[in-house]
Amino acid sequence: MNLADSTAVVTGSSSGIGLAICRALLDAGASVFGLSRRETPIAHERFRWLKTDVTVEAEIDQAFEAVFAESGRIDLLVNNAGIGFFRDIESIDPVEWRRLIDTNLTAMFLCTRKVVPSMKAAGRGMIVNIGSVAGKRGIRGGTAYCASKFAVNGFSESLMEELRGFGIRVSCINPGSVMTEFFDHAGIEPKKHMQSDDLAQLIVSLVALPDGMLPDEMTVRPL
């Protein structure tokens, strides 16, 4: 994809991986819309922040309507919004469970279905879903988080098979620990971690591959 002539939407843009992805895409020449509850701290002529709670379907609808009204198209969607916690199952409140699933999985479904029709019409486009190594193996205390990220992998693989015939690429990136504010609330502390800027550069390099190449899944861990 030629990022210098593209419009991208990134969810969870206010901090961490999402913020780094927005900045990397801007550096590559893309026009970027960031969706998040908190304001995204980017001042750039090709960036626009849209206040969006991705657990609220009506706010997702409003955000994508605004993007299409302003840009006319979406070439790239990065489903990055996510939360997590690690606790024993009996201490997890069902309200917390539903909020995590709504943020990590249902929002991905709702955002994706907003871009697929226009990408099909264009015969091109790319959807990048941010998973986790926690979506590849179970982690003690991670019944909620791992369940959501295993689902992200299944969603992504099925979506990839569904859309590749329309010229739409779907990639699932499964990072290990990335030093973000995620770990301020997760209840675990990583022994090693990667930098969000480095992960963002990797994602941008995959997006920038020729449209005929499909990097459908990648797992990347701290060395």
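A residue counts as buried when its relative accessible area is under 20%. Keep that cut-off in mind as you look through these views of a predicted model.

**View 1. Cys-22 lies buried in the predicted model.** Cys-22 has a relative accessibility of 0%, so Cys-22 counts as buried.

View 2. A disulfide is a covalent bond that joins the sulfur atoms of two cysteines. How many disulfides does the structure hold? The count is 0. Cys-22 takes part in none, and its nearest cysteine sulfur, which belongs to Cys-111, sits 13 Å away. Is Cys-111 buried or exposed? Its relative accessibility is 1%, so Cys-111 counts as buried.

**View 3. Seven strands line up in an open sheet.** Follow the 7 strands in the order S3-S2-S1-S4-S5-S6-S7, and you will find that their pairing is parallel. Which strands form the edges? They are S3 (47-51) and S7 (217-220), each of which pairs on one side only. On average, neighbouring strands of this sheet are turned by 15° against each other, ignoring direction.

**View 4. Helix H4 packs on the sheet.** Here you can find H4, residues 143-163, touching strands S5 (125-130), S6 (168-175) and S7. The direction of H4 makes about 160° with that of S6.

**View 5. S1 and S2 pair in the parallel sense.** Strand S1 covers residues 7-11 and strand S2 covers residues 31-36, with 5 bridges between them.

Terms used:
Residues numbered from 1 in each chain as written. Predicted model: local features only at pLDDT ≥ 70, side-chain atom pairs only at ≥ 80, totals over all residues. Heavy atoms only, no water. Pairing = 2+ DSSP bridges. Helix = DSSP H or I, 4+ residues; strand = E, 2+ residues; numbered from the N terminus. Axes fitted to C-alpha atoms, helices over the stretch in contact; angles between N-to-C directions. Contact = heavy atoms within 4.5 Å. Disulfide = S-S within 2.5 Å. Buried < 20%, exposed > 50% of the residue type's maximum accessible area, 1.4 Å probe, protein only.
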